[in-house]
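Good morning, everyone. Please have the sequence and the model open.

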Amino acid sequence: MSKFRRKKGKGMPKINTASLPDVVFMLLFFFMVSTTMRETEVQVRVKVPEATEVKKLEKKSLVSYIYIGRPVAVIARMYGTEPLIQLNDKLINEEGIPYESVQDFVLFEREKLPESDKNKMTMSLRIDEDINMGKVDDVKQALRRAKALIINYSARKEYLEQGRRR
Amino acid sequence: MPREVPEINGGSLADIAFLLLIFFLVATTMDIDTGITRLLPPEPEKDQETEVKVNKRNVLVVLINRSDRLMVGGEEMDRFQLKNKVIEFFTNPADDPNLPEMVETEIQFPPGSSPLLPPDGVWRGKVSKGVISLQNDRTTTYGTYLHIQNELVAAVNQLRNEFTQLYFDKTYDDLNQANATEEEIYNAIRDIYKMNISESEPKNSGGLN
């Protein structure tokens, strides 16, 4: 008679998984709440530069987006690889300074805001870091003419070089 | 005795939840919009002469040329030196006649908001008349341009921060603008250290594009 008898039910005891759905649901709700669905499809490649003095854009409803970058592969087949301007979801293809497209765009976006917020409209410029300033200056001139003066140069928060400089 | 309700098997609940979870994980974009907010100057009226006389000592020309090199007030400079240069320009600590004029100014703070202010809350001190003129070429890279903008903003932010730290023992960004008193402080400090950055009309500084 051996002293160490094998126990009858060998193997690991079962872990109670009844609370697993709870945990998963918690994660699920977190992601559901924090999700913002992408509304516009960006048709130009934009890698915004990094900066240290960035601030969060508070009211999303006041913000309209202007993208400047080289078109993605599908679009490039139609328009070539030169940098393009995209206003919210519309690509524009205007020669020279795009006064007309930007004017229309600003009027259209401003119309959507309530009367009290019309002068707080912010233009978020999401511009690829390798684009030449000529294109950016054109857009800025067009925005000035359209009287959309609050702009936001979109940038990612830069952490790396902080220690070196302070 | 009430009849027992048969238990529903909850084993597949986790599967369903996982499926949803994975969907949202994939669909989520966590991009918070951040950036540097600036104000564009209004377009000049057609008949308006835009000749504003500014004393030469009050202007610091920051020029980024088409090979992304930086020139500040006539000398070539590294991007990381710019911030200190701008701080010196805006404060003029040694009363240098080549740096901007400092004008004695009274600025109203909420009374009693800081022990370092007189009881009536009026700050008396010197405010710079300096203006930074930022110029770029059409072929300057946007990334470089934004880095320079960032340095200029960083310089003014540091000045504001130092002031807020000294008088109110917090950072400038921590001032809560929803609070009426703190908003007043916020605006008063903004008036002491103004973000005077003028962007010139775009022009080509010559050469091939």
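Start where strands cross between chains. Strand 3 of chain A and strand 1 of chain B, residues 34-39, run antiparallel and are joined by two bridges. Strands here are DSSP E runs of at least two residues, helices are H or I runs of at least four, and both are numbered from the N terminus. Two strands count as paired if DSSP finds at least two bridges between them. Opposite Lys55(A) stands Gly35(B), in strand 1 of chain B.

A quick word on the source. This is a predicted model, where local features need pLDDT of at least 70, side-chain atom pairs count only at pLDDT 80 or more, and totals for chains, interfaces and linings use all residues. Residues are numbered from 1 along each chain as written, chains are lettered from A and ligands numbered from 1 in the order written, and side-chain values use heavy atoms, leaving out hydrogens and water.

Back to Lys55(A). Which side chain does Lys55(A) meet in a salt bridge? The partner is Asp173(B), at 3.8 Å, N to O. A salt bridge puts a side-chain nitrogen of Lys or Arg within 4 Å of a carboxyl oxygen of Asp or Glu. Between chain A and chain B, the count is three. On chain A's side, helix 4 of chain A gives the largest share of the residues touching chain B: 11.

Now the whole interface. Contact means heavy atoms within 4.5 Å. By that rule, 59 residues of chain A touch 50 residues of chain B. The buried area is about 4900 Å², with 58% from carbon and sulfur atoms. That is accessible area, taken with a 1.4 Å probe, lost when the two parts are put together and summed over both. Met133(A), Arg144(A) and Tyr153(A) supply 16% of what chain A buries against chain B, more than any other three residues.

Next, strand 2 of chain B, residues 59-64. Its side chains alternate.

What does strand 2 of chain B pair with in the parallel sense? Strand 7 of chain B, residues 131-136, over six bridges. There, Leu63(B) stands opposite Gln135(B). Strand 3 of chain B, residues 70-72, runs antiparallel to strand 2 of chain B, with three bridges. Ile64(B) has Leu70(B) as its bridge partner. In that hairpin, five residues lie between the strands, and Asp68(B) takes a positive phi near 65°.

Definitions and conventions. Buried means under 20% relative accessible area, exposed over 50%, partly exposed in between (1.4 Å probe, protein chains only).
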